[in-house]
Amino acid sequence: MVLRRRLFTLALVAAAMVGVQLASAGVAQAAVRVLYYDASQAQEFVSVVHQGAQNWNSRVTNVRLEPVPAGRTPNIRVYADNGWPRTYTTSLGNGYWYMGREAVNDGYYQPRISTHEFGHILGLPDRRTGLCADLMSGSSAPVSCTNAFPNSREAADVNSRFRSVTSRVPAQTFVWQPAA
């Protein structure tokens, strides 16, 4: 116990010497993890992609989605095609997704699609509940659903996943399914 206190005190002194700010309780605050996305190939959906990112940014605190700055490699790439929306994750916070025109042509709300696909990159699976309040219910919610924001449970799940840099999510593929 005495050794632990001494090590803690030494860590505080070292942090103060290099200018690291620690929380008043002595625990370092975790930095927000920034994920960069590239929407340059999202064609007519670029503004919808930005809106989906902002929808997440307004509801979570441990991760932030930002457009990729020049010269930096993005964590996320967004494309557009004529198929169904789908996401391919390589790890938590990394992968690519398609804004599929099939769902758009069927009348699904574009900002909901975008926010939903970002949700997969952030580690959330499909939860085909059929409820409009559940962003990750995807196409199981009615076409008339215009809720484009994660609910509190979904936001808490993402915050939990990004609370630690050691969180792992296996590579997966998610495909928007037409309503039955």
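Buried means under 20% relative accessible area, exposed over 50%, and partly exposed in between (1.4 Å probe, protein chains only). Helices (H or I, at least four residues) and strands (E, at least two) are DSSP runs, numbered from the N terminus.

**Basis.** I noted that this is a predicted model, in which local features need pLDDT of at least 70 and side-chain atom pairs count only at pLDDT 80 or more, while totals for chains, interfaces and linings use all residues. Residues are numbered from 1 along each chain as its sequence is written, and side-chain values use heavy atoms, with hydrogens and water left out.

**Whole chain.** I found 5 helices and 6 strands, in the order α-β-α-β-β-β-β-α-α-α-β along the sequence. Of the 180 residues, 43% count as buried. I also checked contacts (heavy atoms within 4.5 Å). Among those with a separation of 6 or more, 61% join residues 24 or more positions apart. The accessible surface comes to about 9,600 Å², and 55% of this belongs to carbon and sulfur atoms. These areas come from the Shrake-Rupley method with a 1.4 Å probe; for residues, only the protein chains shown count as cover.

**α2 against α4.** I looked up the axes of these two helices, which come within 8 Å and cross at roughly 60 degrees. That makes α2 oblique to α4. Angles under 35 degrees count as roughly parallel, over 145 as roughly antiparallel, 65 to 115 as roughly perpendicular and the rest as oblique. Axes are lines fitted to C-alpha atoms, for helices over the stretch in contact, and angles run from 0 to 180 degrees between N-to-C directions. On the α2 side I listed Val48, Val49, Gln51, Gly52, Ala53, Asn55 and Trp56, which meet Gln110, Pro111, Ser114, Thr115, Phe118 and Gly119 in α4.

**Gly52 and Phe118.** Gly52 lies in helix α2 and is buried, with a relative accessible area of 0%. Leaving out residues up to four places away in sequence, I found Gly52 touching Ser114, Thr115 and Phe118. With neighbours within four places set aside, Phe118 is in contact with Tyr37, Val49, Gly52, Ala53, Trp56, Leu65, Ile76 and Trp97.

**Tyr79.** I placed Tyr79 in strand β3. Its C-alpha is separated by 7.7 Å from that of Tyr96, 17 residues apart along the chain. Not counting residues up to four places away in sequence, Tyr79 touches Gln41, Ala42, Tyr96, Trp97, Tyr98 and Met99.

**Two loop residues.** Gln43 sits in the loop between β1 and α2. I noted its positive phi of about 55 degrees, although Gln43 is not a glycine. Most residues other than glycine have a negative phi. Gln43 is partly exposed, with a relative accessible area of 48%. Ala133 is in the loop between α4 and α5 and, at 48% relative accessibility, also counts as partly exposed. Outside the four places on either side in sequence, Ala133 touches Asn147, Asn151 and Glu154.
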